[in-house]
Structure formats: C-alpha cells, structure tokens
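Dear colleague,

Please find the structure below, followed by an account of what was found in it.

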There are 2 protein chains.
Amino acid sequence: MDMVRNFHMAQGLGETSYAQNSRLQVVTKEIIESLMDITLSSAMEACAAETAPATVCIADLGCSSGRNTLSVVESIIRAVCERRREATQQLPEFMVFLNDLSGNDFNALFSLVPEFVQKLKAEHDDGGGILVSVAGAPGSFYGRLFPSSSLHFITSFTSLQWLSQVPAGLLNKGEPINKGNVYMSPASPPSVVTRYFEQFQEDFSMFLRSRSQELVVGGRMVLSMLGRRSHDIHKKINEFPPL
Amino acid sequence: MDMVRNFHMAQGLGETSYAQNSRLQVVTKEIIESLMDITLSSAMEACAAETAPATVCIADLGCSSGRNTLSVVESIIRAVCERRREATQQLPEFMVFLNDLSGNDFNALFSLVPEFVQKLKAEHDDGGGILVSVAGAPGSFYGRLFPSSSLHFITSFTSLQWLSQVPAGLLNKGEPINKGNVYMSPASPPSVVTRYFEQFQEDFSMFLRSRSQELVVGGRMVLSMLGRRSHDIHKKINEFPPL
C-alpha cells in the first residue's frame with residue numbers, strides 16, 4: 001500500500017467515522033489537560049507580545065478530520081488573543097494550516113470551517129475583528145511541508161507513532177518474517193522490533209529536521225505521541241512516555 | 001440555499017464531474033493562450049529577480065477541482081523558475097493556495113497533489129531541488145481569505161461571474177418577480193437585471209478591497225470572467241469582455 005497516498009482515517013462525519021471516534025478519547029482527561037496547558041503556554045510564548053508578529057502562523061500536523069482539530073486551534077487562538085489583550089497590543093491575524101496525508105477527509109473538515117471562523121470572529125470582535133485564515137495542507141510530515149521560517153507554532157497530537165512506511169528488510173530468503181502483519185505484535189521476532197525502531201528513528205529525525213527549517217526563530221512546537229516504557233513488546237502498549 | 005456553504009461544482013473525477021468537463025473548454029484556444037501569456041508575464045514581474053522574494057506565494061481563487069487548476073499553477077511556477085535561472089538567482093520556495101467555497105471537492109483535488117509536487121521537484125531539481133507547498137483554502141473570495149501582504153500573485157479564471165448570493169429585493173408584494181429563476185433570463189424584467197448588476201458591483205468591490213489588502217507591494221493579479229458586451233440580456237452571453 002502506498003501509505004502517503006492512500007492511508008487515512010475512516011472518512012466522513014457519520015457514526016463509524018474517525019471524526020466521531022477520535023483520538024483524544026484514547027488518553028485520560030488529566031493527560032489531555034496537561035498537554036493543553038503545555039500547548040497553550042508554548043503558543044503564547046511563541047507569539048508573545050514582545051516579538052508580536054502581525055501574522056501568527058500555526059500548523060496542526062496529522063490533524064485528521066474531527067471537530068477536535070478545530071477545538072485545539074480555537075484554544076490556541078484564544079490564548080494568543082488573551083496574551084495580546086493583556087499587553088494592550090493589537091490582535092494578530094492568524095494563518096492556520098491543518099495538515100494530514102492527502103487521503104484524509106479534508107471535505108468533512110472544511111465543512112466545519114465557515115462556522116468555526118464566524119464563531120472566532122464574533123468572539124474576538126472588539127472593534128476591528130480578527131482574521132483567521134484556515135488552509136488544508138495535504139502531505140506527509142516526514143518531509144518538508146511549508147516554506148522556510150514560516151511557522152510560529154507547530155503542534156501534533158497522537159500522530160507521530162504512525163511511521164512513514166512498513167520498514168524494509170522484513171524478509172528472510174524472500175519469506176515475510178512478521179507473520180503477515182504490518183505492525184509489531186507479541187508474535188514478532190526481535191529483528192522485526194529492531195527494524196521498526198530503526199524506522200522510527202529515521203522518520204523522527206526527518207520530522208525534526210523538516211520542522212527546524214519551517215519554524216521561525218523563537219517559534220515553539222508541542223508534540224505528543226504514544227509509546228512504550230519498555231523494550232519488551234509484551235508489556236502494556238499505548239502509553240504516553242514521560243514528557 | 002446557503003451559497004457559501006453548499007454551492008459547488010459536480011464533485012469527484014468521474015465522467016459527469018466538473019473536473020472532466022471543465023472551465024477552460026468554454027472559451028476558445030486563442031483566448032486561453034492570450035490569458036496564459038498575460039498570466040505568466042505578470043507572475044514573472046511579481047516574482048521578478050530584482051525583488052526576488054525567498055518564498056513566492058501564489059493563490060488561485062475559485063480553483064474548482066480539476067487538473068486545469070494544477071496545470072495553471074505549474075505553468076506559473078515554471079515561468080518564475082525560468083526567470084530566476086536567467087538571472088542566475090536561487091530558485092524560490094513556493095507556497096500555493098488553491099481556493100474555492102468550502103463545499104468544493106478538495107479531496108479530489110488533493111488526490112492529485114502528491115504526483116504534482118513530485119513532478120515539479122523532479123523537473124526543477126538542479127541540485128538543491130525546489131519546495132512547492134500546496135494548501136487548500138476554503139472560503140468565499142467575496143471577503144478576506146489570507147493574511148495582509150502575504151501574496152505575490154493572484155489569479156482567478158472564469159469564477160468572478162458567480163455572485164456571492166441571489167440579490168435581495170427580488171420580491172414585489174411578497175411575490176417573486178424573477179419567475180422562480182436564480183439567474184437573469186430573457187424573461188426577467190429590467191428591475192431584476194438592475195439588481196443583479198448592483199449585486200455584481202457590490203461583490204466585485206469587496207473582492208478588489210480584500211485582494212488589495214492581501215497582495216504584497218508590487219504583487220500582481222490576473223482575472224478573467226465571463227460577461228456581456230451589451231446591457232440587452234437578449235444578446236449573446238458568455239463572452240469575455242475586452243481585457
């Protein structure tokens with residue numbers, strides 16, 4: 001399967017869609033709150049009154065297509081506006097990029113945008129109003145997505161545990177050694193676990209290299225991803241490692 | 001009908017889709033070539049070697065979802081790269097915004113993006129390669145879409161004859177005076193024609209005001225729209241007025 005082109009969450013807004021069964025439900029309320037605290041405080045620092053960019057550019061990477069995506073962005077915009085008001089500075093304009101693979105259901109996501117923008121405008125309209133531009137940016141975050149030095153704040157929630165591809169080299173004399181799985185399972189031999197780990201290292205390095213080019217000086221990034229506390233894949237999975 | 005939210009061309013990439021029956025076919029080959037000449041030369045001026053922005057931002061407004069959209073963008077990028085090479089200057093990075101109403105089939109459009117970006121990268125890879133970021137920007141162009149002073153080149157082909165709404169005031173004592181049509185027809189009374197003209201003036205003024213804020217100083221814009229040479233709506237329609 002061409003992961004970059006064809007991989008996506010369940011589309012639409014219906015009962016079985018990813019949008020209705022979405023990502024933040026897999027973690028506890030405490031972790032979500034702690035993550036959002038870190039996110040908002042980092043966003044405020046990145047767009048702080050001292051540097052006060054006229055346009056604040058925000059990217060959510062691996063956004064998928066649920067309402068959660070827009071609610072995180074909304075919280076960030078609200079936090080930045082509050083900070084600017086405290087400093088009695090003019091509100092910035094916002095450019096928001098929602099990124100996911102090109103197979104993501106951007107139509108479903110975009111159907112929520114007009115109401116989202118109207119709501120933010122109404123909430124922050126203290127005379128001049130604010131501008132919130134929302135754009136969908138299709139593509140893999142394991143590579144460059146945006147122009148150099150163009151983003152003030154980057155966030156990615158619970159997406160980086162998805163690798164760019166099934167690791168190469170999972171064959172022994174032409175036979176698959178991972179029992180036909182595309183993921184690590186308790187039945188996978190140690191060599192498979194090693195190859196997945198190496199793939200993660202390669203992917204994550206590429207991710208960090210790409211983002212370091214896209215962030216402005218002084219920009220901030222908040223990432224969360226699922227992981228393991230132990231090398232033993234029989235142990236509990238899907239934990240958030242310590243931040 | 002909520003035009004901004006629900007209005008869109010026939011979706012998908014199938015036989016009856018807009019993508020397969022698309023806009024430039026309604027005009028002659030000569031007009032297309034002339035329009036493209038103007039477009040490319042304006043794009044080169046906007047992104048010329050003298051000012052040489054490191055990132056060139058391009059917006060196609062009312063892009064719909066066909067391959068034509070990307071082929072116009074491709075021609076612009078190629079022209080700008082040629083001009084930079086002639087001036088032995090470094091190639092810029094490109095940020096391309098494809099805009100249409102939020103009901104447009106962005107999924108179909110985005111499915112073409114990976115191949116498009118790969119092709120451009122391969123074609124212009126003279127060592128460092130080039131970066132082409134493509135984003136979909138849902139929203140009505142009869143209002144602000146992008147941050148202030150953020151675009152170098154704006155184009156809109158055969159979209160501006162679509163108004164933002166059916167004009168208000170098409171009732172006489174509560175009864176519709178336009179025979180149930182949402183457009184002007186030979187059966188429409190003169191007062192209907194006047195209201196459509198006024199709606200166009202209002203919409204186009206808003207369009208120009210918004211774009212003037214979004215263009216950088218020295219940026220360029222190329223627009224084409226269908227129109228009438230005569231006030232008489234019985235005369236031939238769907239002509240390109242003199243540029």
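What pattern does chain A follow, read along the sequence? Chain A runs α-α-β-α-β-α-α-β-β-β-β-α-β, and its secondary structure comes to six helices and seven strands. Helices (H or I, at least four residues) and strands (E, at least two) are DSSP runs, numbered from the N terminus.

Two remarks on conventions come before the details. This is a predicted model, in which local features need pLDDT of at least 70 and side-chain atom pairs count only at pLDDT 80 or more, whereas totals for chains, interfaces and linings use all residues. Residues are numbered from 1 along each chain as its sequence is written, chains are lettered from A and ligands numbered from 1 in the order in which they are written, and side-chain values use heavy atoms, with hydrogens and water left out.

Where pLDDT is low, the predicted coordinates should not be read in detail. Of the 243 residues of chain A, 51% count as buried (under 20% relative accessible area; exposed is over 50% and partly exposed in between, with a 1.4 Å probe and protein chains only).

A:F116 belongs to helix α5 (residues 113–124) of chain A and is buried, with a relative accessible area of 6%. Leaving aside neighbours within four places in sequence, A:F116 is in contact (heavy atoms within 4.5 Å) with A:L70, A:V73, A:E74, A:V132 and A:V134.

A:E74 is itself buried, at 11% relative accessible area. A:E74 forms a salt bridge (a side-chain nitrogen of Lys or Arg within 4 Å of a carboxyl oxygen of Asp or Glu) with A:K119, the closest N and O atoms being 2.8 Å apart. Because A:E74 lies in helix α3 and A:K119 in helix α5 of chain A, the pair ties together parts that are 45 residues apart in sequence. A second salt bridge joins A:E74 to A:R78, also at 2.8 Å, N to O; both residues lie in helix α3 (residues 67–86) of chain A, four residues apart. A:E74, A:R78, A:K119 and A:E123 are linked in a network of salt bridges.

Elsewhere in chain A, A:E214 forms a salt bridge with A:R144, at 3.4 Å between the closest N and O atoms. A:E214 is buried, with a relative accessible area of 0%, whereas A:R144 is partly exposed at 23%.

The interface of chains A and B

How many residues does each chain give to the contact? Chain B and chain A give 27 residues each. The area buried between them (the accessible area, 1.4 Å probe, that two parts lose on being put together, summed over both) is about 2,200 Å², of which carbon and sulfur atoms give 56%. B:N107, B:F110 and B:P147 supply 24% of the area that chain B buries against chain A, more than any other three residues.

The rule finds two salt bridges across this interface; A:E93 forms a salt bridge with B:R144, the closest N and O atoms being 3.5 Å apart.

Yours sincerely
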